[in-house]
Every structure is written in structure tokens, then in C-alpha cells.
Amino acid sequence: MSFEDKTLQCADCGVNFTFTAEEQEFFQTKGYTNEPKRCQPCRQARKAERYGGGYGFRQRQMFPAVCAECGKDTEVPFEPREGRPVYCSECYSKARLNK
Ligand SMILES: [Zn+2]
Ligand SMILES: [Zn+2]
């Protein structure tokens, strides 16, 4: 069976990208039946996300908060809720060590 380059549209950014014959062959040897839905940069960005970021791609949204322990301004990766204390990274790790 031979493959031909195919043009697909990225589901994330809408850019047209090439699903090359080599890639198609690779997909088949791996037993993948789905065509890739995303272009290379978007795939890499998603991979980076899955591995906790750190590749300089999309950053997690941070929310400003005030540490309940030391009163310092800080940022947390979740939305602070009323009545729930938020700690800066310093106090947070201290609190964990005290447990
Ligand atoms: Zn894309
Ligand atoms: Zn603190």
C-alpha cells in the first residue's frame, strides 16, 4: 500500500498542514486509525501541557491572591475562593513540611 501526502486542517488553530506519506505509514505501523487532528506546533504545545508545561508554550492561568499566612501578594493556579486560605509558595511548602 502506498501513501500520498494529504492536507489536513488543524482543529486547534485552523492552519492547513501536511500529513505526509511517511507519517501515514508510521501511523499505520502503529495501528492508529485516526488522522492527526492538529498541526505540529499545536501537537507539541499539547504534549508540553500534558507533561506539565515548562517548554515555554501555553502557560497555565494564574490568579492573584494574598497569602493567608504572611500577607504577601502571590499567584495561584486556581481561582481563590471566599473563606479558603491561600498561601504563597513559601508558606505552602512550610505548611507541608510541618505536617
Ligand atoms: Zn494548529
Ligand atoms: Zn506566605
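## Two buried cysteines

Let's start with a pair of residues: Cys10 and Cys39 are both buried, meaning under 20% relative accessible area, with exposed over 50% and partly exposed in between (1.4 Å probe, protein chains only). This is a predicted model, where local features need pLDDT of at least 70, side-chain atom pairs count only at pLDDT 80 or more, and totals for chains, interfaces and linings use all residues. Residues are numbered from 1 along each chain as its sequence is written, chains are lettered from A and ligands numbered from 1 in the order in which they are written, and side-chain values use heavy atoms, leaving out hydrogens and water.

## The zinc site

What are the protein donors of the zinc ion (ligand 1)? They are Cys10 (SG), Cys13 (SG), Cys39 (SG) and Cys42 (SG), at 2.2 to 2.4 Å from the ion. Donors here are N, O and S atoms within 2.8 Å of the metal (3.2 Å for Na, K and Ca); water is not among the atoms, so sites may look incomplete.

Along the sequence, the donor residues follow the spacing C-x2-C-x25-C-x2-C. Cys10, in the loop between β1 (6–9) and β2 (16–19), and Cys39, in the loop between α1 (21–30) and α2 (40–50), are 29 residues apart, and the pair links distant parts of the chain. Helices (H or I, at least four residues) and strands (E, at least two) are DSSP runs, numbered from the N terminus.
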